[in-house]
Every structure is written in C-alpha cells, then in structure tokens.
There are 2 protein chains.
Amino acid sequence: MAAHDLVIGFDADDTLWHNENIFERSHERFRELLARHHDAATVDRTLFATEMRNLELYGYGVKGFTLSAIETAIHLTEGKISAAEIQEIVELGREMLAHPVELLDGAADILATLALRHRLLLITKGDIRDQERKLAKSELAAHFHQVEIVSEKNPETYARILRRHTIAPERFLMVGNSVKSDILPVLTLGGAGVHIPYRLLWEHERTEETADAVGRVFVIDSLRKLPGVVAVLA
Amino acid sequence: MAAHDLVIGFDADDTLWHNENIFERSHERFRELLARHHDAATVDRTLFATEMRNLELYGYGVKGFTLSAIETAIHLTEGKISAAEIQEIVELGREMLAHPVELLDGAADILATLALRHRLLLITKGDIRDQERKLAKSELAAHFHQVEIVSEKNPETYARILRRHTIAPERFLMVGNSVKSDILPVLTLGGAGVHIPYRLLWEHERTEETADAVGRVFVIDSLRKLPGVVAVLA
C-alpha cells in the first residue's frame, strides 16, 4: 500500500507517556494507609475486586479509582478508618490527576516523523478531562489528526472510529501496550497492531489470548523501532 | 436554506432527559446528612465552592460531584463525620449513576420527526461512560448521526465538532437548556440556538449574558415547539 494510505492509531497511557507507575505509587501509599489493618496482598486483592465491581458504573480513570479506594478502605477497616485518612485518599487521587506527564523514550520524535507521511489518531480510554489534560501537558497534540477518548476499547469502538473517519480496517495500524485493548479488537476488524509492552500491566488488561494474525502483529520493545515496522507495512 | 442542509445539535441533560432533579434530590440528602453540623445554606454554599475549586481537575459529572461531596462533608464536620456516613455519600453517587433515564415530554417523537430531514448530533459534557449509559437507556441513540461527549462546551469545542463533521456554522442549530453552554458559544461561531429552559439550573450554568443575535436565537418552553422553529429556519 502507498505510505500515506496507512493510518496509525496510538494508545496514550503507557504507550506515549508513563501512567501505570503513578498507579503503582498510589497503591503503595494505599497499602501503607491500611497496613495496621491488613497485609498488602489483602488490600490489593480487595481494591481490585471493588474496582471490577464498580467498573461498569464508574468506567476507567482516576476518579473511579479514588471512589473505589475510599469504599475499600471503609470496608477493610469495618468503618474504623478516620475522616482524615479518607481525606488522604481524596488527596492521593488529586495528586494523580495533577501529576506531570512523563513521555516514554522517543515519543515526541517518532510522532513528529510519522506525522509527516501518515494520519495519526490518538485513541485512549478514561476520564475525558484527565486524558485531555495529559495530552495538553504532553505537547504531542499537534501530531494527531483526531483524538478519540472512549469508554471501552472493544471491536465496536474501533469500528465506530474507523467508520467515522472513513478508514478501511486493512489500512489501519494500532500501536499500544495492551494486547487486550489495543491489539486484539483491531485484529478482529482486519487491521494490524504493534504491541509495545510496558514494564507494568494493570491486572484488568491481562489476557490469555495471544495476538497471532500472521503478518499483522508486531511486538517491539521501544517506540523507536516503530518506524521500521511502519516501513515494512506501508 | 434547504431543509436537509440544517444540522441540529442537541444537549442531553435537562434538554432530552431529566438530570438536575436527580442532583436536587442528592443535595437534599446531603444536607440532611450534615444537618446536625450546619444549616442547609452553609452546606450548599460550601459544596458548590468545593465543586468549583475541583472543576478544573475533576471535570463535570457524578464522580467528581461525589468526591467533592465527600471532601465537603469532612471539612464541614472538621473530620468528625463517620466512615459509615461517607459510605452513604459514595452510595448516593452510585444511585445517581444507576438512576433510570426519564425523557422530557416529546423527546422521542420530536427526534424521530426531525431525524427524517436533518442530521442530528448529540453534544453533551460529563463523564463519558455515564453519558453513554444514559443515551443507551434513553433509547434515543438511533436518531443521532454522531455523538460527541466533551469536557467543556465553549466556542473551541463547538468549532472542533463542526470542523470534524464538515458543518458550516451558519447551517448549525444548537438546542439546549443552558444559555452559557449551549447557546452563546454557538452564536459566537455564527450558528443559531434554541433555548429551552428547564425548571432547575445548576448555579455554574448561570450567566449574566443574554443571547440576543437577531433571528438566530429562539426561546421555547417545550421540545414540542422545536419543529416550528426548525421550519422557520430551514
């Protein structure tokens, strides 16, 4: 296919900028807050279960995480947690939202290079204001033709986005750190995917499925290797 | 202009379905929870101030409201509120998210009629998952050509949406209950607006400005009168 015909979609969190490390530090502080009551494994397991139970209602993002953490803390202390400690959890959430954006190695260069020859889309899930703020802080916005902030990354979502921007699936390449959210749904539609694992993966993003569509899946260990894959595909 | 050339944008909350009445009931329950500590006016004033301080970080929607309510309750009781009472606030938020969608009079009929001759857009602000869920529950989704869930309704947002869907501002009509969010920014761009006041208006949506662009602003008291306005414009 002609180079300019390839449209490239990018995930944001843990693909272009660090995110899960911020959650990791929040989990640590949450465990410390509850250490008098429960061991770390119990805290982690209960928080994750609360998040999963609330996911349909809250969706992804820091605000829902904060509400689930408050609920978990009340539950695990049988109501003995103090208001001051709950306020600490509220502050923890606020710090996550206000956290600086730290780009992954090569993100700015690679986007600038690829944007010269391809339409680039940003496709990310989470709280809309938070994702917009992170994009603004990243200073990467100008490279993207369109930005789509969605509530779930499944085949229906990608199909809607491709339809909306008149992109044939076979000329769409999605780049992201989650096989479950970034790669598998795009393969289902007939597109291609580049998986760039991040050192941390939220338990909810884990999948048993492997992405093995011949010639349509690539695994690289750095964004810096993306132009090489694009050159092969385009 | 030819009838089919007019594209009509709709706000959702308090324009197509009831919303502010749900917040009104939550405010009542929040006041009751704090009645031992403070009078209703102090509770309302402090909650609103907390919401406004957090708006930039949280954005619009029920999750941010819930977090602001928790923070307000801790502050107003000087940390004396119990974990069980905070859990009640968490539940209050969850009930708001799970609340049934009650359409405003005429919403389904009017959209069905207008969709026959016009492209209809839904343009709403708030938490993405919550707005999508309400749209699904409303059973109105099929009438809309596109749905845009945004973080803020200002001229930049509307300009981006009109560009994205290749709509000239002079053939765009926005329908909503908020002069500040639905009418003024669209008039700024050269579009037209139909203001349908709802019986309640969140303090943040109040504006001193009046929408007085001659021939481009209409005020009606029911969605049922919208086809009449559209007939004049189209």
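Colleague: Hi! How many of the eleven residues of helix α8 (residues 179-189) of chain A are buried?

Modeller: Eight of the eleven are buried, so α8(A) is largely enclosed by the rest of the structure. Here, buried means that 20 or more other C-beta atoms lie within 10 Å of a residue's own; 12 or fewer makes it exposed, anything in between is partly exposed, and the C-beta atoms are placed from the backbone. Helices (H or I, at least four residues) and strands (E, at least two) are DSSP runs, numbered from the N terminus.

Colleague: Before I go on, what kind of model is this, and which parts count?

Modeller: It is a predicted model: local features need pLDDT of at least 70, side-chain atom pairs count only at pLDDT 80 or more, and totals for chains, interfaces and linings use all residues. Residues are numbered from 1 along each chain as its sequence is written, while chains are lettered from A and ligands numbered from 1 in the order in which they are written.

Colleague: Thanks. Back to α8(A): which residues are the buried ones?

Modeller: They are Val179(A), Ser181(A), Asp182(A), Ile183(A), Leu184(A), Pro185(A), Val186(A) and Leu187(A).

Colleague: And what do they pack against?

Modeller: They pack against α7 (155-164), β4 (172-176), β5 and β6 (217-219) of chain A. Just after the helix, Gly190(A) has a positive phi of about 105 degrees.

Colleague: Let me zoom out. How many helices and strands are in chain A?

Modeller: Chain A has nine helices and six strands. Its C-alpha trace spans about 65 × 35 × 30 Å along the principal axes, and buried residues make up 41% of its 234 residues.

Colleague: What radius of gyration would a compact globule with 234 residues have, and what does chain A have?

Modeller: A compact globule would be near 17 Å, and chain A has 19 Å, which agrees. That radius is taken over C-alpha atoms, and the globule rule is 2.2 Å times the number of residues to the power 0.38.

Colleague: New topic: β5. Is Val194(A) buried or exposed?

Modeller: Val194(A) counts as buried because it has 25 C-beta neighbours inside 10 Å. This residue lies in strand β5 (residues 192-195) of chain A. Leaving aside neighbours within four places in sequence, Val194(A) is in contact with Leu173(A), Val175(A), Phe218(A), Ile220(A), Leu226(A) and Val229(A). Contact means that the two C-beta atoms, placed from the backbone, lie within 7 Å.

Colleague: Which residues touch the most other members of the largest nonpolar core?

Modeller: Of its 72 residues, those are Ile8(A), Phe10(A), Leu173(A), Val175(A), Ile8(B), Leu173(B) and Val175(B). Apart from that core lies another, of 38 residues, with Ile81(A), Ala83(A), Leu92(A) and Leu47(B) among them. A nonpolar core is a set of buried Ala, Val, Leu, Ile, Met, Phe, Trp, Tyr and Cys residues joined through C-beta atoms within 7 Å. In soluble globular proteins, nonpolar side chains tend to be buried together.

Colleague: Now the two chains. How many residues of chain B are in contact with chain A?

Modeller: 29 residues of chain B are in contact with 29 residues of chain A. On chain B's side, α2 (40-58), α3, α4 and α6 each supply at least two residues, and α4(B) gives the largest share, nine residues. By class, that side has 14 nonpolar, eight polar and seven charged residues. Ala, Val, Leu, Ile, Met, Phe, Trp, Tyr, Cys and Pro count as nonpolar, Asp, Glu, Lys and Arg as charged, and the others, Gly among them, as polar.

Colleague: Which residues of α4(B) are buried, then?

Modeller: Ala83(B), Ile86(B), Ile89(B), Leu92(B), Gly93(B), Met96(B) and Leu97(B) are. They cover an arc of only 165 degrees around the axis, which puts them on the same side of α4(B); the arc is that of the directions from the helix axis to the C-beta atoms. The face turned away from that buried side carries the exposed residues Ala84(B) and Ala98(B).

Colleague: What covers the buried side?

Modeller: The cover includes α2 (40-58), α3 (62-76) and α4 (83-98) of chain A, together with α1 (20-33), α3 (62-76) and α6 (128-138) of chain B.

Colleague: Last one: where is Arg216(B)?

Modeller: Arg216(B) sits in the loop between β5 (192-195) and β6 (217-219) of chain B. With 18 C-beta neighbours inside 10 Å, Arg216(B) counts as partly exposed.
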